[in-house]
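Here is a short tour of a two-chain model, written for someone who likes to know how each term is defined. Please keep the viewer open while you read.

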Protein chains: 2
Amino acid sequence: MSSEAEFISSLRALATHPAARNLEDDCAVLAIGGEALVLTHDMMVEGIHYLADADMADVAWKLVATNLSDLAAKGAEPIGVLIGHMLGEDDARFAEGLAEVLGHYNVPLLGGDTVSGAETHSHGLTAIGRATHIPVPSRAGAQIGDALWVTGSLGTAMIGYEALRENTKGDHTAYSRPMARLAEGLALAPLVTAMMDVSDGLLLDAFRLALASEVSIALDSKAVPIAAPAERRMEALSWGDDYELLFTLPEGVEPPVSAARIGSVEPQGFAPLFCDGEPILDAAGLGYMHK
Amino acid sequence: MSSEAEFISSLRALATHPAARNLEDDCAVLAIGGEALVLTHDMMVEGIHYLADADMADVAWKLVATNLSDLAAKGAEPIGVLIGHMLGEDDARFAEGLAEVLGHYNVPLLGGDTVSGAETHSHGLTAIGRATHIPVPSRAGAQIGDALWVTGSLGTAMIGYEALRENTKGDHTAYSRPMARLAEGLALAPLVTAMMDVSDGLLLDAFRLALASEVSIALDSKAVPIAAPAERRMEALSWGDDYELLFTLPEGVEPPVSAARIGSVEPQGFAPLFCDGEPILDAAGLGYMHK
């Protein structure tokens, strides 16, 4: 086991509180005063999660939107965010982007911390939400016989990233300013058996959903709406950063939001994921592995 | 105004939610489900908040303890923490220290994020607590005629830091593994008119308490218990990292915890702080200014 895997394993050993049951889900769910609070924390690091010459307004947007996407997958309404910000040259742009994204989602800034002097800039965000449906959806609830669905089109962030990197003046909004599917998450929460956001690529996240639910998933790759040329379909399904919602519904239940049916849930077989009938035994190479 | 001051000012402009009324207090107070939740987020950066060759177990301890100290000043019981961790060479030691501090305070790890690949390591922690007394103490409540008190001795972290830096084999526990005064905070919360933790030095934090409360504070420096030689008294009062509680009580109310009476609250005069009768007009030079 690598030292990284060991570290994450030791974190898991510490996370024995019932609220941390969703540690693998990126969110903690905490019962307090009759409410279920949903908490998530993500970091973004210069040169790893964003290009060093990125518009810091986009970085602020993405930092907030990706955490809100975690809340969306829980059917939670955002209550507020706390920010940990490393001061840099473009703080004015960062503040503009932060104001835009918080205004867009009508989410208040509750507090945080600013530090300066580090060579590599990193930024942390904690988002707090209130669950609207109990039990709070998790990636672990898919049932045999369910249908697998996804919102939106995959590959939009991939195309956006390429436009940004190659400076083609193409539209990079989908990569730079992803949207959190909060309204969809709220509408879906009472209906789904399992739900998660697609942050690391559809294949990898479907693989994880299957593992957590102790089922196998049969995915029909051609049923997945993609925003990329047809020959790049598998790339689009492996690329992260789209922040769509991946969810399972009992057979016959139609989603109340725009979504595509892309597969089905089967008894746990020898592989967690079957893509067009091909077994996928290992997560390596399926998508973007966050470190 | 510096760009840093401008940025912090623009953050404050975004923090208009009632829960963020304590943004200057490092904590947000959020009413939810009949409870008052207290939330705080602090970052620690390699080379700034800890020495590059620090024992990462100590870094983990301090990261948690300093955030719990913010909860202590609110009279809040910790519910849990979320961690943002940049993976490094000493992750095993970091995990050990994290286990020790969470075990010591019996606080669960609820979730978080790990990232890797950055040259400068930084770590963020969000602590969540439940207020035990409403109204939740803040630094803004000191009343004219109150007495000013502080727990413990000041300068312990200064002495500890010097032992660590000079490798004298002296005890550096006070600097490396500060204690959060959680029990004291709980006992004091129903009684105090104002409370905060002394993270940046007694003089600077008393100055801030006076500003927030719109009063002047008359401090008797000789009444402050110090853990340093007498000739270093003013240094000890300017050094941060002690994490004692600074609070005001109405005249005649005795604190239920061990504490020293070190001053009094007076009508707002031409300076926020008078130290042994000398007016202090400006925060510059009073203590450690977190960036």
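The sections below go from the conventions to the pairing of the chains, the domains, the sheets and a few backbone details.

## Conventions

This is a predicted model, in which local features need pLDDT of at least 70 and side-chain atom pairs count only at pLDDT 80 or more, while totals for chains, interfaces and linings use all residues. Residues are numbered from 1 along each chain as its sequence is written, and chains are lettered from A and ligands numbered from 1 in the order in which they are written.

Helices (H or I, at least four residues) and strands (E, at least two) are DSSP runs, numbered from the N terminus. Two residues are in contact if their C-beta atoms, placed from the backbone, lie within 7 Å.

## How the two chains meet

The contact between the chains draws 60 residues from chain B and 61 residues from chain A. On the side of chain B that touches chain A, the elements giving two or more residues are α1 (3-14), β1 (27-32), β2 (35-45), β3 (76-86), α3 (91-105), β4 (109-115) and β5 (122-131) of chain B. That side of chain B holds 32 nonpolar, 19 polar and 9 charged residues; here Ala, Val, Leu, Ile, Met, Phe, Trp, Tyr, Cys and Pro count as nonpolar, Asp, Glu, Lys and Arg as charged, and the others, Gly among them, as polar.

Two copies of a chain are related by a rotation about an axis and a shift along it. Here, a rotation of 180° with 0.0 Å of shift along its axis superposes chain B on chain A, with an RMSD of 0.0 Å. That is the relation of a two-fold axis. The superposition is by least squares on the C-alpha atoms of residues with pLDDT of at least 70 in both copies. Among the residues of chain B, G33(B) comes closest to the rotation axis, its C-alpha being at 2.1 Å. The copies meet through the same surface, because 100% of the interface residues of chain B are also interface residues in chain A.

## Two domains in chain A

Chain A is divided into domain 1 (3-131) and domain 2 (147-280), with bounds that come from an automatic or database domain assignment. The C-alpha centres of domain 1 and domain 2 of chain A lie 22 Å apart. Their contact takes 16 residues from domain 1 of chain A and 19 residues from domain 2 of chain A. Which helix gives the most to the side of domain 1 of chain A that touches domain 2 of chain A? Helix α2 (residues 56-72) of chain A does, with 10 residues. The side of domain 1 of chain A that touches domain 2 of chain A divides into 7 nonpolar, 3 polar and 6 charged residues.

Helix α2(A) also packs with another helix. The axes of α2(A) and helix α3 (residues 91-105) of chain A come within 6 Å and cross at roughly 35°; axes are lines fitted to C-alpha atoms, for helices over the stretch in contact, and angles run from 0 to 180 degrees between N-to-C directions. The contact of α2(A) with α3(A) comprises 13 nonpolar, 1 polar and 4 charged residues.

## The seven-stranded sheets

In chain A, 7 strands form an open sheet in the order β7-β9-β6-β10-β8-β11-β12, with mixed pairing; two strands pair if DSSP finds at least two bridges between them. β7 (194-198) and β12 (278-280) of chain A stand at the edges with a single partner strand each, so one side of each is left without a neighbour in the sheet. Strand β11 (residues 273-275) of chain A pairs with β12(A) in the antiparallel sense over 3 bridges, and F274(A) has P279(A) in β12(A) as its bridge partner.

Chain B also has an open sheet of 7 strands, in the order β7-β9-β6-β10-β8-β11-β12 and with mixed pairing. Its edge strands are β7 (194-197) and β12 (278-280) of chain B. β7(B) runs antiparallel to strand β9 (residues 245-249) of chain B, joined by 4 bridges, and M196(B) stands opposite L246(B) in β9(B).

## Backbone details

Most residues other than glycine have a negative phi, and most peptide bonds are trans. A cis peptide bond joins I134(A) and P135(A), with omega about 0°, and P135(A) lies in the loop between β5 (122-131) and β6 (147-151) of chain A. In chain B, a cis peptide bond joins I134(B) and P135(B). N106(A), in the loop between α3 and β4 (109-115) of chain A, has a positive phi of about 55° although it is not a glycine.
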